[in-house]
Amino acid sequence: MSEIGDSEPNGNSAIGRRGFLAGAAAVAATAAAPAAVQLAAAAPAAAAGAGRPNILLIVTDDQPKQTEWATPQIVDWIAGHGVRFTHGHVTTPLCAPSRSSVFSGRYAHNHGVRNNGASHSLDQHTTVQRYLREAGYRTGLFGKYLNSWTLADNPPHFEEWALLQPAYNDASWNVNGTVQTLPGYTTNIVKNRTLAFLDKAATDSRPWFAYVTPYASHAPNVPAPKYADTVVPPWNGRPSVPEADRSDKPGYIQNATATLADGQAVRTKQLRTLLSVDDAVQAIHDKLVALGQLDNTLVIYLGDNGFTWADHGWLKKSVPYSPSHEVPFYLSWPAGGLGAGTSDHRIVANIDVAPTILDAAGITPDTPQDGHSLLTAYSRNHLLVEWWKQGTAAGGPPTWSSYVAADKQYTEYYALHTDANGTVSGTGEVKFREYYDLAADPYQLTNLLYQATPQQEQALGVPALAAQLATDRAA
């Protein structure tokens, strides 16, 4: 598969995992440039001296980008002693499609999981856990797996697992093949199961891969009792929340009714649930320190999608507006030279997770991938973000795809829908379009294509964007 929007199509082959950071540091516009240069020089030697890294992949549920107040320990460890990606995205803002992209490094139109009901469509041979297991890694899964996955079905290519049927308290789990109820708060159970898995490293010399995925901060956003009444910082919205005139938006947004108070209520509950995730991740950090494995553990943290807090009247995900597809995205690997606390301003996405892990582990994939290793100098100039409507019922967003760059976003809505298995039907006719100048209008208030003349569309470069979007969707 070719990459969408390659600006350096040969970047991956030119660097390799041992010399990755020199290019990454050049792309990352950090506040402390000399520190980035020093880190770049140290990276190849540090990586060459380390064995295969352990891999810790943490994926939260419905966590929007503006939630760092609730995760200070996570931010301090993984971003503060690693890399914060300031333009982190998911390529489909919906749980199962996004997680399938994390596993496979592929867009949803390629891996086939276009909605939450199609989880069994994922080709498990393409997954990062398959590669790592076959390469001798000890593999573990703790928490949520894929929506619509049958709980009694064991997750392929994991040696040990505690697979959660999503809930916050006294949930059903598949624990190493046995379906059972485990009493207690599920974020704590995810933590404890992960710690037990890590403890085995004291007697098992194999490198390990742990996929850690609590249910937080997904609705119903139930906090642990200790955080049930925690006071969170006030939030008075952003310009996209009280947007009074939405006549330039698609019909489902014109009909959206969520208010600032609705957004504030969801935000409060999400932050309270994330406090327990912060505690769990800190406990994992402390365990790695005790085991002497912190430095040579590659840690990647991201949300499976974002969430709107009543932006444009919408209180969900699944839409092409920034809060829905932008996510927190951090990486740390001190032994690989990524431990200094830098910022990387490249456009990165969930499809880059699997290629990054395989690159760090020295594994060459034998199945197609659309993403690129974040350990190379590769930099895209835009990203395809896509979403499919399931069924034909009225309401909700139609199927759409979007060209997302740092300074602009172009979106098309289509007469397409999927069935429960992800099979696509419809004419494909473009029903509505949006264009936002993200530099001048970061909150996406003014759709510049609304009542635009052909001359205005030409001036915006829309014909070329539409052609590129069609190419991206077919790649």
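Residues are numbered from 1 along each chain as its sequence is written, and side-chain values use heavy atoms, with hydrogens and water left out. Because the model is predicted, local features need pLDDT of at least 70 and side-chain atom pairs count only at pLDDT 80 or more, while totals for chains, interfaces and linings use all residues.

**Exercise 1.** Describe how helix H4 and helix H10 pack.

Solution. 
Step 1. Two packed helices are described by the angle between their axes and the distance between the axes. Axes are lines fitted to C-alpha atoms, for helices over the stretch in contact, and angles run from 0 to 180 degrees between N-to-C directions. Helices (H or I, at least four residues) and strands (E, at least two) are DSSP runs, numbered from the N terminus.
Step 2. For H4 (residues 72–79) and H10 (residues 260–291) the angle is about 40° and the axes are 8 Å apart. H4 is therefore oblique to H10; angles under 35 degrees count as roughly parallel, over 145 as roughly antiparallel, 65 to 115 as roughly perpendicular and the rest as oblique.
Step 3. On the H4 side the contact (heavy atoms within 4.5 Å) includes Pro 72, Ile 74 and Trp 77.

**Exercise 2.** Work out the layout of the open sheet formed by four strands.

Solution. 
Step 1. The strand order is E11-E12-E13-E14, with antiparallel pairing; two strands pair if DSSP finds at least two bridges between them.
Step 2. E11 (383–387) and E14 (424–437) are at the edges with a single partner strand each, so one side of each has no neighbour in the sheet. From one strand to the next the twist averages 20°.
Step 3. Go through the pairs. Five bridges join E11 to E12, and Glu 386 stands opposite Ser 401 in E12. Six bridges join E12 to E13, where Trp 400 has Tyr 413 as its bridge partner. A hairpin through three residues also connects E12 to E13. Ten bridges join E13 (residues 408–418) to E14, with Thr 418 opposite Val 424.

**Exercise 3.** Is strand E12 mostly covered or uncovered?

Solution. 
Step 1. Buried means under 20% relative accessible area, exposed over 50%, partly exposed in between (1.4 Å probe, protein chains only).
Step 2. Six of the six residues of E12 are buried, which makes E12 mostly covered.
Step 3. Thr 399, Ser 401 and Tyr 403 are on one side, and Trp 400, Ser 402 and Val 404 are on the other.

**Exercise 4.** Where do His 312 and Gln 444 lie, and what is the phi of His 312 and of Gln 444?

Solution. 
Step 1. His 312 lies in the loop between E8 (297–303) and H11 (322–325). Its phi is positive, about 60°, although His 312 is not a glycine. His 312 is buried, at a relative accessible area of 1%.
Step 2. Gln 444 is in the loop between E14 and H13 (454–460). Gln 444 has a positive phi of about 55°, again without being a glycine. Gln 444 counts as buried at 1% relative accessibility.
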